[in-house]
Number of protein chains: 4
Amino acid sequence: MVTPRLPTAQRRRQIADAALRLLADAGVAGLTLVELGRAVGLSDASVLRHFKDKPAIVEAAIERFGELLAEDLPTDIADPLRRLGAFFVRRLAKVRAHPELMALAYDRRLRDAAGEAGTARVDAHIGRSARFVGACIDEAREQGAIGADVPTQMWVWIIAGLLRGASFAVPHGLGQDADLMLMSPERCWELVERILRGA
Amino acid sequence: MVTPRLPTAQRRRQIADAALRLLADAGVAGLTLVELGRAVGLSDASVLRHFKDKPAIVEAAIERFGELLAEDLPTDIADPLRRLGAFFVRRLAKVRAHPELMALAYDRRLRDAAGEAGTARVDAHIGRSARFVGACIDEAREQGAIGADVPTQMWVWIIAGLLRGASFAVPHGLGQDADLMLMSPERCWELVERILRGA
Amino acid sequence: MVTPRLPTAQRRRQIADAALRLLADAGVAGLTLVELGRAVGLSDASVLRHFKDKPAIVEAAIERFGELLAEDLPTDIADPLRRLGAFFVRRLAKVRAHPELMALAYDRRLRDAAGEAGTARVDAHIGRSARFVGACIDEAREQGAIGADVPTQMWVWIIAGLLRGASFAVPHGLGQDADLMLMSPERCWELVERILRGA
Amino acid sequence: MVTPRLPTAQRRRQIADAALRLLADAGVAGLTLVELGRAVGLSDASVLRHFKDKPAIVEAAIERFGELLAEDLPTDIADPLRRLGAFFVRRLAKVRAHPELMALAYDRRLRDAAGEAGTARVDAHIGRSARFVGACIDEAREQGAIGADVPTQMWVWIIAGLLRGASFAVPHGLGQDADLMLMSPERCWELVERILRGA
DNA sequence: CATGAATGAGCTTTCATTCAT
DNA sequence: AATGAATGAAAGCTCATTCAT
């Protein structure tokens, strides 16, 4: 088989992405070099020509995942609740588009794959979204848009819960509410905002 | 090595529990027979004298986890919101007491470990809590205790999100709100109930 | 399960017979202590209370097989061809009645199971029949009943070949001659004797 | 250890041949991957890089054995008895040259090693020689070279018996006839042919 | 840059064997 | 006499990794 040679930079990203997909679809046990090679059209040995070893691949995948998450964080919106809303809408759309992949954000599987070394990086990336949400909430509270009784962390978890919920292909709660999946992200946010303000 | 002998029934439970712990602490890759043996003080071969297979062990662990989750579902409380509150309080306490273990309820790792065969069982066990919550919400709504605008499934995910949040040993959002962990489950529920009613 | 206790002598024979059957039906790999136990209604550990170890069981099985073969050797018939005929008829009937079992006489599986130690015993037992046949032939030849040109050993192998052929449940040569299986041992011997005398 | 590399095609044949030898020499239980590796100068893991499975190795060995047997079947000789004779001479020479190996043709060990799946292949390969012999006999009988009284299948077994006899390194019948081993295959066939015609 | 060949480590599983009850 | 519990050894197999081509 003649495999087109690609510059390392491209290959690295390709491999990191494949690792993420594989981890999401097949779990830690499914992330093997052979499978990784198959995904990018290389042999297992060749995959390792672009990375020192497997942990290095996982590390790259984690960074890739971090970028994916960071994309959703808006920076240019002044109003905290509108900023939070923009994040929520983007993130929800992304979770719906790639439920398996985004489930990694609400899972410990990336940490497992990372081993001792990478755990902190994973937590940092995933925590970044949480900190963003928390900051929006705090700011909104200071402006009086949100009441003081419910602590910020609770709101953070509530929002994470809503986003995570969308990562189930089949919502394993009630069948009759499967149509929640059909509600637009914008409409969802309206409801969430009402909850935030109302409480 | 002289290992104290135990009747199979005891050993089976011991092994199933150890499997759950191991899965929670070390992930799918860390759940090996040798490690399992070490956990219960047996050799790897001896572990398999109590179970036909490794899959059989995972299966037992899943059932054990199902029991653990089922304990939290109250059946004798008529009022739906009080029933939901009782569940919330129990489950939250349990998640705080065993964060790593209970993270399995909000994770895809049990499914990964279960393989093709056991996935349905895992989903059934975990989904049972979700269905319980959904039923309480529906009932409460019929009684007019909860408004009609926010769909049930959303509340289910919100509550799951709050419980899942407690499974992080270090809340990876904001440090200043770590004291949320110190708020009593009962007090947490008060807040949640207020959100439910208020919206 | 309450297993009736049997005196060792009976158990030993029972186990040796089971070992023979197992070896014949399932091959060397199928001869395990657990399977042996199942066959005689004992646990694997209990089987070893009647024999020092597994080689000892195989050894007993070999002796048992030797007895089985020895039964077919007539001692009281003076005329060599009639003596040979009696053997042939008995042996053929036995091979037809227990093809799998008797296949062990034309196979190296017993030797494999016996290991270094038992090989000689196996050869002795199986060779005994061959020597018997050879002796009959030699004697008949001295009496002029058989010609001198075909060496004894050849006749021995011919007869062994005929007996061995009957150990195939399905004669894997020609289908149209399957009815050879239906020809009575006595009639078979008539044909064999004609060949012996005629040549 | 530095092992000289060989292209897979070569290795596969090498391994299949070694499997056959091992099976012949050490029996089903002796056919292990480690032993196989030792025979070809590889580690056990490396052996499996050339075959998917151990069963796949056995399968290849069986095909190899089939080829070995098929070599002996002449196709270009019109006269049936001469054709049979050519086969007999070749096969006898081969059995004498490789008694242990060729014993597999008169044994159930290949079937045991093959397991459920390969049994039919083994029977087909071994049966092919038998069918060949049967066809020669039938044809010769039609031409009147062989009498009608002895059924074909009997002759097939007789010939198989003679060939099988040569697979014993030490003819375990009579010692005084060990010199049968020294008789040339051609001379043996002369005797066999006389028996065939004479009856 | 890419790969085929080879390997060691580690995993699941089977099995003969020991021992306390 | 019988068994349940435990074990070490060895088998088959997977996988990350190395290296020569």
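This is a predicted model: local features need pLDDT of at least 70, side-chain atom pairs count only at pLDDT 80 or more; totals for chains, interfaces and linings use all residues.
Residues are numbered from 1 along each chain as its sequence is written, chains are lettered from A and ligands numbered from 1 in the order written, and side-chain values use heavy atoms, with hydrogens and water left out.

Select R108(A) and E100(B) next: they form a salt bridge, with the closest N and O atoms 3.4 Å apart.

Now pick helix 8 (152–165) of chain A. It gives 12 residues, the largest share of the side of chain A that touches chain B; helices here are DSSP runs (H or I, at least four residues), numbered from the N terminus.

Show both chains whole. Chain A can be laid on chain B by a turn of 179 degrees and a shift of 0.0 Å along the axis, with an RMSD of 0.3 Å, after least-squares superposition on C-alpha atoms of residues with pLDDT of at least 70 in both. That is how a two-fold axis relates copies. To find the axis, click G161(A): of the residues of chain A, its C-alpha comes closest, at 1.7 Å.

Finish at L84(A). Not counting residues up to four places away in sequence, it touches F132(A), W189(A) and L196(A), among others, where contact means heavy atoms within 4.5 Å.

Terms used
A salt bridge is a side-chain nitrogen of Lys or Arg within 4 Å of a carboxyl oxygen of Asp or Glu. Helices (H or I, at least four residues) and strands (E, at least two) are DSSP runs, numbered from the N terminus.
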